[in-house]
Structures are given as structure tokens and as C-alpha cells.
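Welcome! Please take a moment to look over the sequence and the fold shown here, and then we will walk through them together.

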Amino acid sequence: MNPNDMSCKELVELVTDYLEGALSPADRQRFDLHIGKCDWCKLYVDQIRLTIQAAGKLTEDSVDPRAKNELLAVFRDWKNS
Ligand SMILES: [Zn+2]
């Protein structure tokens, strides 16, 4: 695995910055590359995007912390299996 590849955990932490367009071009590229290869993260980003569309704006509340923790738990189990 390329050491420059973004991890799932990193992606989850950067998702709001990504959707706000606040990532640096390099990070944005790594982010796009990751969701191009990782179905879990693609789904996660799509879900948050829909939540934001429904809410009409992006706030910290857009990302349900419980959903985020559940997702991180899924990643942990998945990496360990
Ligand atoms: Zn991922």
C-alpha cells in the first residue's frame, strides 16, 4: 500500500473539510483517490452529502457522532478480520 494513501480513519476525519472545499489540493486528491477505491468511504461520503442536502447547510451537527463512531468501529472490525 502506498504510504501516501489516505486511511479510512483519516478520510472520516476530513470529510467535513472535503465537503466544505477546505482541503488542500493534495489532500483532496488523496481523498478522491480513496473514495474511488473504497466502497465504505464512498457510501459514508454519499450519506453525509445527502444529510447536508436535507439540512440545507453544512454544520458540525450534520455528522452524527454516533454514526461516525459506528463507522469507525466497522472499519476496525473489518481491518482486523
Ligand atoms: Zn476507506
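A residue is called buried when its relative accessible area is under 20%, exposed when that area is over 50%, and partly exposed in between. Keep those cut-offs in mind as you look at this model, which is predicted.

**The chain as a whole**

The chain has 4 helices and 0 strands. If you read along the sequence, the pattern is α-α-α-α. Of the 81 residues in the chain, 30% are buried. Among contacts between residues at least 6 apart in sequence, 64% join residues that are at least 24 apart.

H2 runs over residues 25-37, so it has 13 residues. From its first C-alpha to its last, H2 reaches 19 Å, close to the 18 Å expected at 1.5 Å a residue.

Which residues of H2 are buried? They are Phe-31, His-34 and Ile-35. These residues cover an arc of only 90° around the axis, which puts them on the same side of H2. Here is a handy idea for reading such a pattern: an α-helix has 3.6 residues a turn, so residues three or four places apart point the same way.

What do the buried residues of H2 pack against? Their partners are helix H1 (8-20) and helix H3 (39-55). On the other side of H2, the exposed residues are Pro-25, Gln-29, Gly-36 and Lys-37.

Is His-34 buried or exposed? With 10% relative accessibility, His-34 counts as buried, because the cut-off for buried is under 20%. Cys-38 is buried too, with a relative accessible area of 7%.

Leaving out residues up to four places away in sequence, His-34 touches Met-6, Ser-7, Cys-8, Leu-11 and Cys-41.

**Salt bridges**

Now for some charged residues. Side chains of opposite charge can pair when their charged atoms come close. In this model the count comes to 6 salt bridges, and the table shows some of them.

| Pair | Closest N to O distance |
|---|---|
| Asp-46 and Lys-42 | 3.6 Å |
| Asp-46 and Arg-49 | 3.8 Å |

Start with Asp-27 and Arg-30. They are 3 residues apart in helix H2, which means that about one helical turn separates them. Asp-27 is partly exposed, with a relative accessible area of 23%, and Arg-30 is partly exposed, also with 23%. Together with Glu-10, Asp-27 and Arg-30 are linked in a network of salt bridges.

Asp-46 takes part in a salt bridge with Lys-42 and in another with Arg-49. In helix H3, Asp-46 and Lys-42 are 4 residues apart, so they are separated by about one helical turn. Asp-46 and Arg-49 are 3 residues apart in helix H3, and they too are separated by about one helical turn.

Lys-42 is partly exposed at 42%, and Arg-49 is partly exposed at 36%.

**A buried tyrosine**

One last stop is also in helix H3, the place of Tyr-44. Tyr-44 is buried, with a relative accessible area of 4%. Along the chain, Tyr-44 and Lys-68 are 24 residues apart, and their C-alpha atoms are separated by 9.0 Å.

How values were computed:
Residues numbered from 1 in each chain as written. Predicted model: local features only at pLDDT ≥ 70, side-chain atom pairs only at ≥ 80, totals over all residues. Heavy atoms only, no water. Helix = DSSP H or I, 4+ residues; strand = E, 2+ residues; numbered from the N terminus. Expected span 1.5 Å × (residues − 1). Buried < 20%, exposed > 50% of the residue type's maximum accessible area, 1.4 Å probe, protein only. Arc of directions from axis to C-beta. Contact = heavy atoms within 4.5 Å. Salt bridge = Lys/Arg side-chain N within 4 Å of Asp/Glu carboxyl O.
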